[in-house]
Amino acid sequence: MEEKKIRRIGMLTSGGDAPGMNAAVRAVVRAATAFGIECIGIRRGWQGLINSDFKRMDADSVNHILSRGGTILYTARSDDFLTEEGRQRAVNTCKMLGIDAVVAIGGDGTFRGALELSRLGVPVVGIPATIDNDVGCTHYTIGFDTACNTAIECIDRLRDTMQSHERCSVVEVMGRNAGFLALYVSIAVGATAVLVPERELDFQRDVIERIQNARLAGNTHFMIVVAEGAAHAFEIGKRIHEELGMEPRVTVLGHIQRGGSPNARDRETATRMGYFAVKALHEGRANCIIATQHGDIVDLPIEEALTMKKHLQMERYEVLQAMCNF
Ligand code: F6P
């Protein structure tokens, strides 16, 4: 199957959505058209491939979606695809629809699914899109920058009211088991402290002393950013109250971070990644993940890509500490 010229591709979005997924969908369809390849949209991720839930797409079907958040293909997390039977049904759908290869847009979980499908003989290409930026093989995942900016805008608003009332704010941001979103956002809003899963929490050192030092330096409001993978914001707020007698206000930003129109970086990256995914297939390279490395777009063999790790740069943590190191 892998040697065959690619005439028709199936494309799906899977896992948590991310701003810029639509831009990637558009780019795949438009690039496919440019290379003379037909494109079929699979709705609702891997589950859609199992259920043969599809729509034919042409260049016009992706008009006006570049600036839209979410994904017009819908997304889902499929338990059925974790089973052999489910994956076999997905392969049968590919046979029935004449799909020569699948482009899967999503995060690590999506790519593990893609690897399984490739082992059953269906060529795949992955495009990384998740607000968590936690895909090991790529410096950047589509949606991260927009999500950071959304969180920053929310926290700037919180700061206005925290400053007026001279309060402490505890804000929980997403990121699953990674602290990329929390750390970038913390630097950008000048947080008093940030808690990330990559650093073991010493509550006294990482929270209490930082608030005390900020107070001694004359501050009367405090911003504590908590990555969801590090701790629960309400628990942190309670402990601050117990230790310092303050009455922190707790905000969980939640899914608001996943919505909204993608910014320039996400539109541009998604468009380039979508194009290169189709180009790779057209040139006979499959079973790979499209990635950014130092700003360039590359493709990496999927098996190897899934073993790669990306560490939170603790130097960024140091930077944050220094900004509030009174
Ligand atoms: O992976 C993206 C993400 O938004 C994570 O940051 C978060 O932990 C998770 O998805 C939330 O998933 P759900 O949409 O199922 O609540």
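Buried, in this talk, means under 20% relative accessible area. Hi everyone, and keep that cut-off in mind, because Met 174, at 11% relative accessible area, is buried by it. One caution before we go on: what you see is a predicted model.

Let's stay with Met 174 for a moment. The residue sits in the loop between S6 and H6. So what does Met 174 touch, once we leave aside its neighbours within four places in sequence? Its contacts are Ile 131, Leu 181, Glu 228, Gly 254, His 255, Gln 257 and Arg 258. If you'd like a distance to hold on to, the C-alpha atoms of Met 174 and Thr 138 are separated by 19 Å, and the two residues are 36 apart along the chain.

Arg 176 is found in that loop between S6 and H6 too. Arg 176 counts as partly exposed, at 43% relative accessibility. Its backbone is worth a look. Most residues other than glycine have a negative phi. Phi of Arg 176, however, is near 55°, a positive value. Ser 52 is another non-glycine residue with a positive phi, of about 55°. You'll find Ser 52 in the loop between helix H2 (45-51) and strand S3 (54-57), and at 32% relative accessibility Ser 52 counts as partly exposed.

Side chains of opposite charge can pair when their charged atoms come close. How many salt bridges does the structure hold? There are 16. In one of them Arg 176 pairs with Asp 132, with 3.7 Å between the closest N and O atoms. This pair links distant parts of the chain, 44 residues apart: Arg 176 is in the loop between strand S6 (168-173) and helix H6 (180-189), while Asp 132 is in the loop between strand S5 (124-128) and helix H5 (144-165). Asp 132 counts as buried at 8% relative accessibility.

While we're in the loop between S5 and H5, Thr 130 lies there as well. Thr 130 is buried, with a relative accessible area of 10%. Leaving aside neighbours within four places in sequence, Thr 130 is in contact with Ala 18, Gly 107, Val 135, Thr 141, Ile 142 and Phe 144.

Arg 205 and Asp 206 meet through their side chains at 2.7 Å, N to O. Arg 205 is partly exposed at 36% relative accessible area, whereas Asp 206 is buried at 3%. The other one joins Arg 285 and Asp 299, whose closest N and O atoms are 3.1 Å apart. Arg 285 lies in the loop between helix H9 (264-282) and strand S10 (288-293), and Asp 299 lies in strand S11 (residues 296-301), so this pair ties together parts 14 residues apart in sequence. Both partners are partly exposed: Arg 285 has a relative accessible area of 34%, and Asp 299 is at 25%. Shared partners extend the picture, with Lys 279, Glu 283, Arg 285 and Asp 299 joined into one network of salt bridges.

Now for the inside. Which residues have the most contacts within the largest nonpolar core? They are Ile 9, Met 11, Val 25, Val 103, Ile 105 and Ile 127, in a core of 65 residues. Take Ile 105: beyond its neighbours within four places in sequence, its contacts include Met 11, Met 21, Ala 24, Val 25, Ile 127 and Ala 129. There is also a second, separate core of 27 residues, and among its members are Ile 42, Val 124, Ile 289 and Leu 300.

Next, the cysteines. The structure holds zero disulfides. For Cys 94, the nearest cysteine sulfur is that of Cys 39, at 13 Å. Cys 324 is in no disulfide either, with the sulfur of Cys 168 nearest at 12 Å. Cys 324 is buried too, at 12%.

Let's finish on the outside. Ile 187, Val 319 and Met 323 make a nonpolar surface patch of about 260 Å². Is Met 323 buried or exposed? Met 323 is exposed, with a relative accessible area of 57%, and its place is in helix H11 (residues 314-323).

How values were computed. Residues are numbered from 1 along each chain as its sequence is written. This is a predicted model: local features need pLDDT of at least 70, side-chain atom pairs count only at pLDDT 80 or more; totals for chains, interfaces and linings use all residues. Side-chain values use heavy atoms; hydrogens and water are left out. A nonpolar core is a set of buried Ala, Val, Leu, Ile, Met, Phe, Trp, Tyr and Cys residues joined through side-chain atoms within 4.5 Å. Buried means under 20% relative accessible area, exposed over 50%, partly exposed in between (1.4 Å probe, protein chains only). Contact means heavy atoms within 4.5 Å. Patches are made of residues with over 30% relative accessible area and no salt bridge: like charges are joined within 9 Å, nonpolar side chains (Val, Leu, Ile, Met, Phe, Trp, Tyr) within 5 Å. Accessible areas come from the Shrake-Rupley method with a 1.4 Å probe; for residues, only the protein chains shown count as cover. A salt bridge is a side-chain nitrogen of Lys or Arg within 4 Å of a carboxyl oxygen of Asp or Glu. Helices (H or I, at least four residues) and strands (E, at least two) are DSSP runs, numbered from the N terminus. A disulfide is a pair of cysteine sulfur atoms within 2.5 Å.
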